[in-house]
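Visitor: I have a protein model open and I am new to this. Please show me how to read it, one feature at a time.

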Amino acid sequence: MAGSQHTQTHTKFQYRFRFLALCATGSAIIHITASDEHAARAMSPAGFVMVFTARLPAEVCHA
């Protein structure tokens, strides 16, 4: 099979990132599950200043 591609299925490590989300009207604690902090910040809500507070192991379910 010279033309076929082999793809390995590696599960990325997932972490639960905890942020303190600040805005002009208040603050909130937000949890985002992602593989790294950069990805977690990319998923954060717009209009908030995100202060990193913790990286926790996430529970992984293998189906």
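Visitor: Start with contacts. Among contacts between residues at least 6 apart in sequence, how many join residues at least 24 apart?

Guide: The share is 44%. Keep in mind that this is a predicted model.

Visitor: Which elements does the protein have?

Guide: There is 1 helix, and there are 3 strands. Read from the N terminus, the order is β-β-α-β.

Visitor: How do strands hold on to each other in general?

Guide: Strands of a sheet pair through backbone hydrogen bonds, and the pairing is either parallel or antiparallel. Now the case here. The 3 strands make an open sheet, ordered β2-β1-β3, with antiparallel pairing. β2 (26-34) and β3 are at the edges with a single partner strand each, so one side of each has no neighbour in the sheet. From one strand to the next, the twist averages 20°.

Visitor: How many bridges join β1 to β2?

Guide: There are 9, and the two strands run antiparallel. β1 and β2 also form a hairpin, with 2 residues between them. Follow the partners across. F17 stands opposite I32 in β2. F19 has I30 in β2 as its bridge partner.

Visitor: And how many bridges join β1 to β3?

Guide: Count 8 bridges there, again between strands that run antiparallel. A21 stands opposite M50 in β3. L22 has V49 in β3 as its bridge partner.

Visitor: Next, the core. Which residues make up the largest nonpolar core?

Guide: The core has 8 residues: F17, F19, A21, I30, I32, A34, A40 and M50. For the whole protein, buried residues make up 17% of the 63 residues.

Visitor: Which residues does F17 touch, leaving aside its neighbours within four places in sequence?

Guide: Here is the list: I30, H31, I32, A34, S35, D36, E37, A40, F52, A54 and R55. I32, the residue opposite F17 in β2, is among them.

Visitor: How do the rings of F17 and F52 stand?

Guide: That pair is tilted, with 6.3 Å centre to centre and 55° between the planes. The pair also links distant parts of the chain. F17 is in strand β1 (residues 15-23) and F52 is in strand β3 (residues 49-57), 35 residues apart.

Visitor: Which residues form the aromatic cluster?

Guide: Y15, F17, F19 and F52 form one cluster. Y15 is partly exposed, with a relative accessible area of 22%. F52 is also partly exposed, at 36% relative accessibility. F17, by contrast, is buried at 2%.

Visitor: What sits over the ring of Y15?

Guide: The charged end of R55 does, 4.1 Å from the ring centre.

Visitor: How far apart are A28 and M50?

Guide: In sequence, A28 and M50 are 22 residues apart. In space, the distance is 9.8 Å, C-alpha to C-alpha.

Conventions. Residues are numbered from 1 along each chain as its sequence is written. This is a predicted model: local features need pLDDT of at least 70, side-chain atom pairs count only at pLDDT 80 or more; totals for chains, interfaces and linings use all residues. Side-chain values use heavy atoms; hydrogens and water are left out. Buried means under 20% relative accessible area, exposed over 50%, partly exposed in between (1.4 Å probe, protein chains only). Rings of Phe, Tyr and Trp (its six-membered ring) pair if their centres lie within 6.5 Å; planes under 30 degrees apart count as stacked, over 60 as edge-to-face and the rest as tilted. Helices (H or I, at least four residues) and strands (E, at least two) are DSSP runs, numbered from the N terminus. A charge sits over a ring if NZ of Lys or CZ of Arg is within 6 Å of the ring centre and within 35 degrees of the ring normal. Two strands pair if DSSP finds at least two bridges between them. Axes are lines fitted to C-alpha atoms, for helices over the stretch in contact, and angles run from 0 to 180 degrees between N-to-C directions. A nonpolar core is a set of buried Ala, Val, Leu, Ile, Met, Phe, Trp, Tyr and Cys residues joined through side-chain atoms within 4.5 Å. Contact means heavy atoms within 4.5 Å.
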